[in-house]
Amino acid sequence: MLSSHIVYIIGFMGSGKSTAGIKLASVLGWSFIDLDRRIEEHAGKTIPEIFSQHGESYFRILEAEVLKSLKSQTNTVISTGGGTPCHGDNMDYMLETGLTLYLKLTPGQLKNRLSESTRERPLIKDLSNEGLLGFIDEKLAYREKWYNRSEITVEGINLNISLLHSLVKSSLNI
Ligand code: S3P
């Protein structure tokens, strides 16, 4: 039987969604889409420009539109933005249209990853090193309500791609 699938990679900023998505797509022999890059192409602006020129609410509208425009993709891994599942009905939409996979890291692990790359991320660009951990603690606790609805959860640190590959194949029965 021919079937077509989408796998959505979900998780906080800095959890390694794009890297994992690229590797997973490669072992599956599927396409890969980075939702943030698609939003930038659609808007003709970078994410920081969208936030600074139009604000976060406008970004969230674009994010939902671009996410839902990918419905007819076949055999594709999509890495989402850290806030994607937590706005509007995006999480319900992803649960209905594909397999959701949460890359889980602790606040400390996320802070270590994010402290080098705050500039390209509008939500954390003005935070000090100490402020960053507090922000992650609070935001992650809030966002996990959505992240935890994912069908698969894996530890994002030292991610084993063959394990991920097997989990995805058995969940999709492929
Ligand atoms: C955001 C995460 C970013 C990007 C935007 C908002 C968030 O993506 O979508 O800056 O709300 O957590 P990454 O998770 O790829 O950094």
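## A first look around the ligand and the loops

The side chain of T84 makes a polar contact with the backbone nitrogen of G81, at 2.8 Å. A polar contact here is a pair of N or O atoms within 3.5 Å; within protein, one must be able to donate a hydrogen and the other to accept it, and residues adjacent in sequence count only if both atoms are side-chain atoms. T84 itself is in the loop between strand 3 (76–79) and helix 5 (90–97). Helices (H or I, at least four residues) and strands (E, at least two) are DSSP runs, numbered from the N terminus.

Before going on, keep in mind that this is a predicted model: local features need pLDDT of at least 70, side-chain atom pairs count only at pLDDT 80 or more, and totals for chains, interfaces and linings use all residues. Residues are numbered from 1 along each chain as its sequence is written, and side-chain values use heavy atoms, with hydrogens and water left out.

Now for the ligand. Which residues come nearest to it? Of the 13 residues around the ligand, those are K17, D36, R60, R121 and R143; a residue is near a molecule if one of its heavy atoms lies within 4 Å of it. By class, that shell has 5 nonpolar, 3 polar and 5 charged residues. Ala, Val, Leu, Ile, Met, Phe, Trp, Tyr, Cys and Pro count as nonpolar, Asp, Glu, Lys and Arg as charged, and the others, Gly among them, as polar.

| Side chain | Distance to an oxygen atom of the ligand |
|---|---|
| K17 | 2.7 Å |
| R121 | 2.8 Å |
| R143 | 2.7 Å |

Taken alone, the ligand exposes 390 Å², and the protein buries 93% of that. Those areas come from the Shrake-Rupley method with a 1.4 Å probe; for residues, only the protein chains shown count as cover. The ligand sits in the largest pocket. On a 1 Å grid over the protein atoms alone, a pocket is an open set of points with protein on both sides within 12 Å along at least five of seven lines, and a molecule sits in one if more than half of its atoms lie within 2 Å of its grid points.

R121 has a partner in the protein too: a polar contact of 2.7 Å joins its side chain to that of S117. S117 is found in the loop between helix 6 (107–114) and helix 7 (129–147).

Is S117 buried or exposed? With a relative accessible area of 12%, S117 is buried, since buried means under 20%, exposed over 50% and partly exposed in between (1.4 Å probe, protein chains only). T84 is buried as well, at 0%. S31, in strand 2 (residues 31–34), counts as partly exposed at 39%.

Helix 7 also holds K145, whose side chain reaches the backbone oxygen of Y142 at 3.3 Å. K145 and P85 are 60 residues apart in sequence, with their C-alpha atoms 9.7 Å apart in space.

Most residues other than glycine have a negative phi. N75, in the loop between helix 4 (56–68) and strand 3, has a positive phi of about 40°. N158 has one of about 50° and lies in the loop between strand 5 (152–155) and helix 8 (161–172). N75 counts as partly exposed at 25%, while N158 counts as exposed at 72%.

How values were computed: On a 1 Å grid over the protein atoms alone, a cavity is a set of points where a 1.4 Å probe fits but cannot get out, and a pocket is an open set with protein on both sides within 12 Å along at least five of seven lines; lining residues have an atom within 4 Å of a point.
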